[in-house]
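Hello,

Here is the structure I promised to pass on to you. Please open it beside this email and follow along as you read.

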Amino acid sequence: MARELVRVEELRKYFPVRGGVFHRVVGYVKAVDGVSFRIEEGTTFGLVGESGCGKTTLVRTILRLIEPTAGRVIFDGVDITALRAGELRRMRRHMQIVFQDPYTSLHPRMQVSEIVAEPLRIHFGVGGEEARGEVLRVLREVGLGEEHLDRYPHELSGGQRQRVAIARALILRPKFLVLDEPTSALDVSVQAKILRLLKELQSRYGLTYLFVSHNILVIEYMSDYVGVMYLGKLVEVAPKDELFKNPLHPYTMALLSAVPIPDPRARSRKRIILKGEVPSPLNPPSGCRFHPRCPWASEECRSYEPELVEVGGEHYVACHRWEEIPRVNTYMARR
Amino acid sequence: MSSPLLEVRDLIVHFYTREGVVKALDGVMLSVGRGEIVSLVGETGSGKTVTALSIMRLLDHNARIVRGEVLFEGRNLLQLSEEEMRRIRGREISMIFQEPKSALNPVLTVGFQLREALEAHGEEGEAALEKVLSMLRRVGLPDPERLVNRYPHELSGGMAQRVMIAMALLMRPKLLIADEPTSALDVTVQAQILELIQSLVREMNTSVLFITHDLGVAAEISDRIAVMYAGVVVEQGNVYDVFEEPLHPYTRGLLAAIPRPGRELMAIEGEVPSLLNPPSGCRFHPRCPAVMEVCKRVKPRLVEVEPGRLVACHLYGGE
Amino acid sequence: MEGARRTSIRGSLLMARLVLSSPTGFAGAVIVAGLLILSLIGPVLAPYDPYKQDMSERLMPPSWEHPFGTDQLGRDILSRVLYGCRISLSIALLVVAISATIGLLLGLVSGYFGGLVDEALMRVTDLFFAFPRLILAMAVAAALGPSIINTMLAIATVSWPVYARLVRACVLQVRNETYIEAARAIGAGHVRILFRHVLPMVVHVVLVQATLDLGSIILLAAGLSFIGLGAPPPTPEWGLMVSEGRLYIRSQWWVSTFPGLAIMISALGFNMLGDALRDAFDVRLGR
């Protein structure tokens, strides 16, 4: 088995909610509530979930851009949740992130050359002409060139901006790259280019990705392993092919069957249309958090929270009734 | 075939901006038959929304309709007075948007806004309220008697979109224009809303012009599909035909750019051109893998290659 | 880098064009430019020594010899107004430089770090905002005693909170932008983030406020001098001159009127320029 690069253990992030006259803490939004998984070196772990499921908070907490409430993150053998501020800053060169919106993640008053060179300046004190060669090298790597050096972000298209963001993340040659919905703000034809670029860079440099998306087709294309998140928890984790061929959690099934398929012949497939919407993480439902929307919920589901357990072949699921639920053909399995 | 409900003919729209004239629409041709769901598909800036707003005559002041006709039941909407147009909006053609919450007034209750929509067209009192309640029930909102007293911010995204759909269908319009109505929603909620729109319009025999950037959504919902690129409808046809055998190189590229299990992902070369200074001839020619000499000079017309199957490309003889 | 210079020049040119294209902006720019020139070469233009008294020539009405007339000590008012330009402008520029810098730094720290520092600083500024600026400045000036330096200290003491508040509000917005998070993600420290990433996004607010403030500081300085808490006689300070002439306002109107007009025109000029500058930034930053 490949070497483990990232291990997340029982990670939690609770945001206090204040209210009332005295501004007291009246409750907690449990954005991430006990998440554990591991990522092997050189692979992509895809994290999929709908808005408000906590995936964005989760990845920020993993990188400690947000301080975790509890739990540990082991990166390359180092517990980064225990690092002090200075040590953490030095550690950052090994783990980088590309954000969703390339329109807001690049400083509007900095030129491409400055943006991409900044990590070098911070970690090695190298800048200006000295950094130029390296900046150009990495820009070419992501499909940009010399003519983009002097541009400001607003002079670039969305796809070009995202390439700049990728270049900034790659210039320190990190081992681990978090991709937080990197193509969600882009059109499909641009998205295709960025996805292909990311795959190419991964195989060239043996990068390890944590790829977050709400788009299941994109997750399917990019990932080796997939984790499905619902309301702050992972409900199912499995190798990609296994998850798409044999989803066990009812939420995963519903999610896969709700994906609009660009093929009208797929309309006749059997679909699970869930009722209602994702409940508020401020007051998550008792027992299994999915039970109010689950067509198969039982008394047990209402009272006891299921654990994420391995059901064989690296396939984990958090559901009391996974063995009884009828399987669905998701149309997503590779044919 | 009888004449379609809506027919857009050779529509050219320009926007006058600080940077120059944006040639947003360049001869759009489009038709929607009675009871039909037609998807208008394209990427950002392709002109989908401008087309919709031109039909509704809701374009901004800096826009000019240079040429073209919008025939609705045979009448050219572009020649109606503002007063006549107001009677058509809401009653005969209504519209729903991507952000349902910004389309609702935050300081008025849901019920008030729905009844106001009816009153604008002369229906008032108990009968109006009854109509509102039954419509809310039909769009699948539980407990409509309480819902009418709530404010938009108390609704979730999916509920707000249901309210918008209820409002849009209250007057039983002949045409519903839906501008990316599910793009801001999660997939599980999107599936609910798509199913709702489909079943409601079939039941009420309403035609739909469904605008989306998502080919998957278009494949799920439509009878016919029209693909737009840089202000031009490049291909139009039955949804099965277009997805099975796309004719225009852009449609082919777009379909190949969607990640799908077990298929290679292909990208379209180059970037969407600026409409301040669009390419000559066929606007797709700089990115087209099958480009010919003629494409750089002559703009291809939208021609019918098979009954109901239209394409604007020189590969298919659009001289 | 050459490219950076090129684009920053292009940006400044655009700003200049935007400011000058509005009528008030153009008028403001002309007035401010005039004031700056006068404060440089005013003493050269002045026909007389502003301190030279001539009791035989006292309270003379405007004439070819004394275009603005003479005051109660027979001094040439035109010469005094021209000399006063340099004094008023130096006071205003120095005060603004000091208070804007203090306010900028405190606002940056307060907005960026938040928490207790922020809380404390904001309560202090609340204290300042509870009193009118002139009253506070009077109190400080009275405690320090009348002199030009003390006038500046007094005004600077009461002027920085506006900048601190403005900058803090702006930082609060910028702090949550993704590009700040991106800077943290590449390992940037607080100092770097504050000065390389946050600062460039707030300077324009300070610039606009400073321009608007120049006008009111000229007024404030004149006000202090008027009530005897500013520049001591015989300084040719505009406010002091207005004050000295107020005994004669019924019969010898020119003594107070010309320095008063100077105050009015300069305050107006800075205000108009400041407004136009704000509008221009709004356009340029796409709001």
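To begin with a definition, helices (H or I, at least four residues) and strands (E, at least two) are DSSP runs, numbered from the N terminus. By that count, chain C has ten helices and zero strands. Written along the sequence, its pattern is α-α-α-α-α-α-α-α-α-α.

Two notes on the ground rules. This is a predicted model, in which local features need pLDDT of at least 70 and side-chain atom pairs count only at pLDDT 80 or more, while totals for chains, interfaces and linings use all residues. Residues are numbered from 1 along each chain as its sequence is written, chains are lettered from A and ligands numbered from 1 in the order in which they are written, and side-chain values use heavy atoms, leaving out hydrogens and water.

Let's stay with chain C for a moment. Its C-alpha atoms fill a box of roughly 75 × 45 × 30 Å along the principal axes. Of the 287 residues in chain C, 49% are buried. Buried means under 20% relative accessible area, exposed means over 50%, and partly exposed is in between (1.4 Å probe, protein chains only).

Now for chain B. Strand S3 (residues 37-41) of chain B is largely enclosed by the rest of the structure, because five of its five residues are buried. Which way do they point from S3(B)? Ile37(B), Ser39(B) and Val41(B) point one way, and Val38(B) and Leu40(B) the other way. In a regular strand the side chains alternate between the two faces of the sheet.

Two strands pair if DSSP finds at least two bridges between them. S3(B) pairs in the parallel sense with strand S8 (residues 207-212) of chain B over five bridges, and Leu40(B) stands opposite Ile211(B) there. S3(B) also runs parallel to strand S9 (residues 224-229) of chain B, joined by four bridges, with Ile225(B) as the bridge partner of Ser39(B).

Finally, the rings. Rings of Phe, Tyr and Trp (its six-membered ring) pair if their centres lie within 6.5 Å; planes under 30 degrees apart count as stacked, over 60 as edge-to-face and the rest as tilted. Over all chains, the structure holds 14 aromatic pairs. Among them is the stacked pair of Phe37(A) and Phe45(A), 4.4 Å centre to centre with 20° between the planes. Phe37(A) is buried at 6% relative accessible area, and Phe45(A) is buried at 1%. The pair of Tyr230(A) and Tyr251(A) is tilted, because the planes stand at 55°, with the centres 4.5 Å apart. Tyr230(A) lies in strand S9 (residues 225-230) of chain A and Tyr251(A) in helix H9 (residues 250-258) of chain A, so this pair ties together parts 21 residues apart in sequence.

Happy exploring!
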